[in-house]
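Thanks for coming. Please have a look at it first.

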Amino acid sequence: MDMTEDLLEREPDAPSEERCAGCRLSPWIRIKTAIAAPGIKWPWAIAVFLIFVAAVLWRWHFARGAKIYTYDSYYYMGLARSLRHFDYSVAGHQHFKFMPMYPIGINLVNLFVPGLETAAKFGNVLFTSACVIPIYAIGTLLFDRRAGLAAAGLFAFEPITTAWSAVPMSDGLLALLIALGAFFFLKWMKEDNGRFVYLYLSGAAGGLALATRWEGALFLLLVGFFLLYFWWKGRLRFRNLLIFSVIALVPFGLYAIRNLVVFGTPFKSAYLEEFRNHPKVFEQMGPLGRFGRYLMFSDVRPLGISKHYYHYAYLIFGYAGLALTLAIKRYRRYGIFLVAWLFFLGPLHFIWWFGSVRFLFPAVAPLTLGAGALIGLPWIKVERERTGLAIGVFLLALVVAVVGVLAVTGRPMTNDIYNNGIISLEDDVGGLAARDALLWLKDNAGDAGVATSLGPMASFYLNRDAYFIGEWQGFEPADINIDNLIPDAQSLGVRYIVLWSWENDPAAPLSYLNLGPELLSRLKLVSVWEAPPSNEFNRTVYAWIFEIPEG
Amino acid sequence: MDEWFRWSKKKEYLAVLVFFFLAAVLFTWPLILHVHDGIIGGHGDPLLNTWIVNWDARTVFTHPTQLFQGNIMYPSRDVLAYSEHLLTLGVIAAPMYFVTRNPIISYNFLVFFAFVFSAFGCYLLIKELTGSRLGGVVAGIFFALCPYKISQLSHLQMVFSPFLPFMLLYLYRFLKRGGKRNAILFVVFFAAQSLANWHYLIYCAIAAALLWIWVAIFTRQKNDWKRLGWVVIAGIVAMLIIIPFTIPYLRAHSRLPGFERSIQEVELYAAKGDDYERVLDVSVVYGDTPSPFKAGGIGYENVLYPGVVILILALAGLLLRRRKDDDLMVFDSVSFREGAVYFLILGVVGLLLAYGPKIAGHYNPFYMIPYRLGLLKFIRVPTRFFVLIALGLAVLGGYGTAKLAARSYSSRNGGWRIGQLTGLAIIAILILEILTFNITIHLIPTGRDVPEVYNWLRGRGDVRMIELPTEPLAGADIYDRDLRLNPVNILDFLYREGDSMYFSTYHWKTMVNGYSGYSPFFYRRIMTEMQGFPSQRTIDLLRGLNVDYVLWDWSWPEKNRLEEYDMRLFSTPGLSLVQDFGGKSVFRVEPGAVATAEDIQLSAVAPSAARPGQPLHLGLLANNTSDNPMISIEEEPQDFSLSFMDASGNTVLVEKDTYRPPFFIDRGETISLSLTGDKVPPPGAYTARLQLEGGVLGPRSFDLPIEIGDIPDSKGPAAMRGNVTVIGQPLPIPAPDGLYPVTTATVTNIGDTLWLSLLQDESYNLRAGSVHLSLKWSDASGAIWEDQGCTIPCDVAPGQSIDVPVLTRPPNVPGDYSLDLRLFLDGTGYFGETLHLNVQVLAPRE
C-alpha cells in the first residue's frame, strides 16, 4: 500500500492560532470549552453514551447467568473484603499473587452497588464497558468521530471481552486503564505542544494498570519504547522520562513496600514460582505456536476453550484496518502505536506458558480501533457545502451496518467462550453444589472451624477463613496436611470438612485427595449436596460435608 | 476520476485481471493448491459437469455431429440434452483438455475463468456506465464472488456468467455509439453465454429485452430508433445461432415423458422470504450462522443473503444525487437512468422471478405467465434468477462506490486522491464481508492415480460396459410402468455414478452408468433390474443390450454379501472373468441370441364397457415365447390407431396416438403395454379396432367388442367388488432382489363399477380412482419387505376378467415368504379378498 504514501499528508487538527490558544488554556478549561461547544458534537456524545449503555446491558446479560466463578474471582472478592480491614489476605494467608487495584475497584463499586458479589461482577462489566469511552476518544483523536464511533460500537459487542466480563476478574479494569493510558499517550503524542500533563496521565494510568495485573508492565514497556524514541529525537528530556517513570511506578511501589513489610522482599509473586515451575506436560504448544494462535485471536489448547479459529470476523476487519493505518502516511505513526499495542498486549502473551483467549482482553481495543479506521472511512469529511450531508448518512449507515453485522456474527463466539469458560465452572471443584453446601454451613455451623479442598471459594461463601486441606494452586501452603488430615484438623479446631466429587459416593471426594475409603469410618457424613447439570457443558457434581470427631 | 491509474489500457486490464484472479484464489482457497486433483462441491454435480465439459471439449472438434450422443446412460440417445450442454465451456476448456488430458484441470480452469471474467465483464460495464474503475472493481467482485455464486460452486454452469455483463456492455455501446463491432460482439456474447447454460439464455434475453424497452421509452431521435432496430436484428441472429442447439432438447422432449419441470417441483426450489437470510458456512464473517441468519453451504440453491455492504452501496448508488459542482459521468442523468435505474428494474424482475410460482402463497403472474407459455418449463430452480439480482446489486453498488468516491473530499487535496482511497477501502470492506475461506476440497484421482482398469478399458475398442454393483435402491412401488428410481441414499448413488462418469473421461467407452438432470426410462429400468445382478435375468438383459463388460467393484457391495457375490459371479452362465485389477474385476458378458418381434405373441385387452367422454385404457399383453430375451432400445413412441365401428360396420371414430414400446421381455415372460384413447364414441355397441402401425412390434390389428354406456367408474363413489386368482403356486424365484415376473394373476370385476387403470401422474404415482393389484411381501415373522403394486393392463368392466402379469421386486434376502395379492383402489383402499401365495426366494447356491 505504499501507493498511498502521498495520498494524505499529515493535517494539523486546527489552525495554528487556535492551537496556540489551546496551549495556554488548562485542560479543565479546554474540557469545559469542549462541552460547551455548540453544534454537532452532542449527538456523537449521546451516541457514545448509548453505546456504553448497550455495552453494559449486553455484558450484564451474560454476567447475570454466571453463578460460579473462577478461583481468581474468589481471590479478588476475598481480597476486596480483607482490604476493608486494611489487610491483604485470603483464608488467613497473606496474599502474593493478585494485585490490589481490582479489589480496590470492587470496593469502590460496592459503595453504590450493594452486595460484594454483585459489586464485583458489576465492576468488571462496568470497567469493561467503560472502555468504549477512551476507545471512542482515541478513534476520534486519531481518525475521526465516525471511526471512533465504529470502534466503540465494535468493542461494545466484542465476544472475548463480553464473555470474560461475566465473572469478577481484573481484565476489564486492566483494559480500561490501558485504553486510558493509550488515549493520554496518543493525545500527548499528537498534540505537539510541549505540555506533558497527558504523558504523565498516561504514566499514571499505566502504573495503575501494572497494579491491576502484571500485563500492565507490557503497556509501560510499549510506551517506554516510544518514549525512548522521542527522547532520542529530542522531543522530551530525561527529566520528563524520570517523572513519567516515577508516576508509573508509584502504585506498584506501594504494593512492593507492602510485600517488603509482609514477606521481607518487594518482589514476591506467585507468578514467578508458577512460571518457574510450570508443568511442562501442559505445554503441548510451544511459544511460537502460542504466538501464532494469539495472532489469530484463537484459543490456545490444551488449556484453551474456544473452538473458533477464523470465524472471528473482528480479526480480519481489525487487521485490515491496522494495515490501512500503516499504509497511510497521515495515520502511520499512530498506526504503529496501535499495532504495537495489539502485539504487546496480545500475541506477546506467548511468553506465558498458560494459554487462554482471555489474555487477549486488553488487545481487543486496538483491534476495534483498526476496524473502526477502515469502516469509518475517516478521511472523508462531510460538509454541507462541499459534499452535502447525504454522504454522511451513507457513511454512518455503513458504520452501523458493519458494526451490526460483526456484533451479530460475533454472538456464536461469545456463547462458545461463555459456555466453555464460565458456565462450565458450574461443576468445577464442587461448583454449584459446593456453593450451596458452604452457604448452608454459613447459616448452620456457627463459629465451628471449617477446612476444605475447594480453595478460596469456601472462605468467600462462609464469609470467614476456611483452612486449606493440602496445597492450593501451588502457591498457597497447606493448613492441613492431607496425609495427616484428622489430627491436623483436630489440632486446628476444625469441626467440618467440605469436599467435592463428580460421583455420588462418599469415598470419591477422599479419593480425589488420594485418601482411601477407610477414612470414612472416622468421619461422620453431615450431608451431601447435589447439583444436576443445567446444560450440556456440565455434569452432576456433589459437595460433601463431613464432621471431624473431636480429638 | 480515477486518474490515479495512469497505466495504459493493457496494463490496467492486466492489473485488474490479476486482482480478480487473486480474489478468486482467496475466496476458493485452497482450490488453487488442488487445481489438478480437487474439486469443490462433492462427487455429484461437479463430476457431472467435469464429464460434460470434457466430453464437449473432446467431441466438438473431433465428432461435432455426435456432440449430444454422450457415452453415458446407454442405450438412451441425446443424453447430453438431459442436462446443460455447456458447449461454450467445453470450447473454452478444449485447449486445456488437449494439452493436459486432465479433466479436473479443465474443470477448475473454467471455475477460475468464470470468476475472473465475470468480474472483469462487470468491471468494464461499470467503467462504461460511470467512468469509475473502483466502482467497476466493487461491481466485479460482488457479481463474481457474491455468496450466491460461491454457493453455486457445485454448479459450474451457474457460476459461469462472464458473458452476461459483456453482452450488456456491447449492447450499451451499440445503443450509444452504434458500430458493427459492437453489434457483432453483442451477438457473440449473447450466443456464447446462452450456449453455456440455458438459464442464461433466459437471463440474457430478459436483460437485453428490458434494456431495449427501457431505452426505447426515452428514444426520440431517428438514429437511435435505427439502432434499436438493428438490435432486434442482432437478437434474431443470436437466436439463429442458438436454435440448432435446442433441437436435441426438443427431440428428447417429444419422445420422453417427464422432460419438463412440474409446478410442484419448481415450487420446491423457489425462493422463500427467509432464503434472503441464508448465509454460507464457509463465510469468514457469517460462517457460524447466528440468529437471525439461516445456515447454508456450497450446493445449496437458496443462499440469497447478499451482505449489508452491497445493499448500502446500492442505496448510495440510487439515492446520492447530483450536486451543482458534480460534473462527473457517474452523476450524469442519462447514465443514471440507463444504468442505475435500469439495473434496479432488472434486479426487481430477478427478484419476482426468483420467487417462482408463488409469492408468499399468492399466485405470481410474473413467473406463471411465461411458465404457461413454455418459456420457463425447463427451469427447475427459480432461485437461480438471483443472478439477475446479483447483477443489479453489483452495478448499483458500483454506482454507489463511484459516487462516494467522487464525493470524498479533503480540505487540502481537493478530492480525487481521497476518492481513490475511499474506493479502495470500500473494496476492502466488501471483500471482508463476503469473504469465504478454507472451502472443503474433494480430492479426485487423476493421471497415475486413476485406477488401472480405466486405462485398460481405453484400449478395448468399440465396447459397451456397466459398472456394478449399483447403490441400493428403495422401493419404487410399481415396477411394470414408468418406474421411479429411488436410491436409499441419493447422494451415495449420485456420487457413485458421478465417479463412473468421471473415470469414463479416461476411456470414453459407452456405458450404462451416468447421471444427469433427467433419468430416462431405460436407465431407471436397467438400474432397478441390476439390483439383482448377477442373476440370469440381469445377464439376459445385459446380453440383449450388447453390453460387453461388467466392471465389478469389490468395495461397493455390503461386506456380508461378498462371499455370495464371489460365488455368483463365477457360477452364473454367460459371465466370465476377463481380468482382475485388485479392487475391481472385469467380467465379459458372453454374447448370445436375442428374440425378435416375431417371437413376441401379442394380444390386446380392453374393457368390454366404457363411459362416454372418458379416456379409454387398453392394453397389450406381450409374451416372449422364445428362449432368448427380447430387447428393444427404441425410445420413440410407437403409433397406433383406434377406430370404433358400429354394428353396421361403419367407422364412427378414429383416433391416432402413441404408446411406449416394450424395452425388455425375458424368455417366457409376459408384460403389459398400455395404450390410451382420449375419446370414445357416443353410447352404443361397437367394435374397437386397434391397429399397431409398424415400428418395434410390427403391424398388427385387433378387434375388441366394447359397449359405451353410462356406467359408474372407480373415480366416483361406487361399490367395489372383485377377486384375484392365479393358477397354481408360483415357482421359486431363483435369486433375491432385482425384478422377477413371479406369476400371472387374473382379476375379475364382480361389481357394477368400471375399474379405471393407469391414471399415472408426473411422479409416476397412480392417481386416485385407479385400481391396481397390490402386492405385499412378508416373511414368517410378519415383517414386510415392501409394499408394491402391479398395474392392470386395461380398464376392467363389470363382469370382466383380465390377466395381470405380476412383475415384482423379490426380497433381497433368500427365504420363504408370503406374497399377498389384493385389489387396491387408489385414494380409497383395499377391496376384495386377499390371495395368499407362498413364494420361495432361493439362495444363489440353491
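**Where the chains meet**

Let me begin with the contact, which takes 43 residues from chain B and 42 residues from chain A, where contact means heavy atoms within 4.5 Å. Before going on: this is a predicted model, in which local features need pLDDT of at least 70 and side-chain atom pairs count only at pLDDT 80 or more, while totals for chains, interfaces and linings use all residues. Residues are numbered from 1 along each chain as its sequence is written, chains are lettered from A and ligands numbered from 1 in the order in which they are written, and side-chain values use heavy atoms, with hydrogens and water left out.

How much area do chain B and chain A bury between them? About 3700 Å², with 72% of it on carbon and sulfur atoms; buried area is the accessible area (1.4 Å probe) that two parts lose on being put together, summed over both. Salt bridges between chain B and chain A number 0, a salt bridge being a side-chain nitrogen of Lys or Arg within 4 Å of a carboxyl oxygen of Asp or Glu.

Which elements give two or more residues to the side of chain B that touches chain A? They are α14 (308-319), α17 (386-407) and α18 (416-434) of chain B; helices (H or I, at least four residues) and strands (E, at least two) are DSSP runs, numbered from the N terminus. α18(B) gives the most, with 11 residues. By type, the residues on this side of chain B divide into 26 nonpolar, 9 polar and 8 charged. In that division, Ala, Val, Leu, Ile, Met, Phe, Trp, Tyr, Cys and Pro count as nonpolar, Asp, Glu, Lys and Arg as charged, and the others, Gly among them, as polar.

**Two sheets in chain B**

Now the strands. An open sheet of 4 strands runs in the order β25-β24-β27-β28 in chain B, with antiparallel pairing; two strands pair if DSSP finds at least two bridges between them. Because β25 (784-791) and β28 (829-841) of chain B stand at the edges with a single partner strand each, one side of each is left without a neighbour in the sheet. From one strand to the next, the twist averages 20 degrees; axes are lines fitted to C-alpha atoms, and angles run from 0 to 180 degrees between N-to-C directions. Strand β27 (residues 815-825) of chain B is joined to β28(B) by 10 bridges, and B:D816 stands opposite B:Q840 in β28(B).

Another open sheet in chain B has 3 strands, in the order β22-β23-β26, again with antiparallel pairing. Its edge strands, β22 (722-726) and β26 (801-808) of chain B, each pair on one side only. β22(B) pairs with strand β23 (residues 740-749) of chain B over 5 bridges, and B:V726 is opposite B:A745 in β23(B).

**Backbone details**

Where are the cis peptide bonds I want to point out? One joins B:S291 and B:P292, with omega about 10 degrees; B:P292 lies in the loop between β2 (278-280) and β3 (294-296) of chain B. Another joins B:L468 and B:P469, with omega about 0 degrees, and B:P469 is in the loop between β7 (464-468) and α20 (490-504) of chain B.

Finally, B:L86 has a positive phi of about 55 degrees although it is not a glycine.
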